[in-house]
Amino acid sequence: MPKDIHTQDSSQQRASRLLLAMGVIVLLGALAYFGLTLAVNRRTPANPDTHFDAENGISVDYESAVWPVCQMTEDAALGHALQLASGEDSANANYQVVLFQRGDKATYEDFIGQSEADLKAAYGIISPRKVKLQVEGATVTAVRCDIQAYYAVLATIEYDSGDVVYVSGLTKLASISDIVNLVESVSLT
């Protein structure tokens, strides 16, 4: 009988140590996740070296090394829009794209809500969060939608003149600052 008690006591100690080790691993994982989240969401200042005035009346200052593609395009959802992209190949895992459409308040009833619904229909679970963006002379409403390893950034930039710029962007998690810097550099010509 005493030998059985000793065996049970040893196995309880091993189980306790194993649970403690698992708890430490989970805690370290959570700390690493929060640390990476802070690093990914940090604001890095823009270093624009190129200015572009688009046909649709939108002007943007951008870094040509980050956004080598800057052109007008016809997008299925946004129509005639200014497109900035990190490359020509959208199949590249590091591909980023931002589309800017100019309109007014009547162009879309609820641009962000409609876009979120489209993303949810296409990708299933999305996690929208409000984002604070600042554009001089305008009111910005923006959300970031987490889609697996990507972010979709949706924004409406409303100017006092009644003009509205609708923004749709897609990026990898670590590159959200590139889109934030780009959106905050937008102005109207």
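Visitor: What share of the contacts in the protein chain between residues at least 6 apart in sequence join residues at least 24 apart?

Guide: It's 48%. Contact here means heavy atoms within 4.5 Å. Bear in mind that this is a predicted model, where local features need pLDDT of at least 70 and side-chain atom pairs count only at pLDDT 80 or more, while totals for chains, interfaces and linings use all residues. Residues are numbered from 1 along each chain as its sequence is written, and side-chain values use heavy atoms, with hydrogens and water left out.

Visitor: How many helices and strands are there in the protein chain?

Guide: Three helices and 10 strands. They are DSSP runs numbered from the N terminus: helices are H or I with at least four residues, strands are E with at least two. Along the sequence the pattern goes α-β-β-β-β-β-α-β-β-β-β-α-β.

Visitor: Why is helix α3 called largely enclosed by the rest of the structure?

Guide: Because seven of its nine residues, in the run 176-184, are buried. Buried means under 20% relative accessible area, exposed means over 50%, and partly exposed is in between (1.4 Å probe, protein chains only). The buried ones are Ile176, Ser177, Ile179, Val180, Asn181, Leu182 and Val183. Over the protein chain, buried residues make up 35% of the 189.

Visitor: What does Leu182 contact, leaving aside its neighbours within four places in sequence?

Guide: Its contacts beyond those neighbours are Val60, Asp61, Tyr62, Trp67, Leu84, Val98 and Phe100. Leu182 is also among the residues with the most contacts inside the largest nonpolar core, which has 29 residues. Such a core is a set of buried Ala, Val, Leu, Ile, Met, Phe, Trp, Tyr and Cys residues joined through side-chain atoms within 4.5 Å. Helix α3 supplies at least two residues of this core, and so does β2. There's a second, separate core of 15 residues, including Phe111 and Leu154.

Visitor: What makes the pair Asp163 and Arg102 a salt bridge?

Guide: The rule asks for a side-chain nitrogen of Lys or Arg within 4 Å of a carboxyl oxygen of Asp or Glu. Asp163 and Arg102 have N to O at 3.1 Å, so the pair passes. Asp163 lies in strand β9 and Arg102 in strand β5, so the pair ties together parts that are 61 residues apart in sequence.

Visitor: Is Asp163 buried or partly exposed?

Guide: Partly exposed, at 23% relative accessibility. Arg102, at 27%, is partly exposed as well.

Visitor: Which residues are linked in a network of salt bridges?

Guide: Arg129, Arg144 and Asp146. Arg144 and Asp146 meet at 3.1 Å, N to O, and both are buried. The total count is four salt bridges.

Visitor: Why say that β1 and β2 pair?

Guide: Because pairing takes at least two DSSP bridges between two strands, and β1 and β2 have four, running antiparallel.
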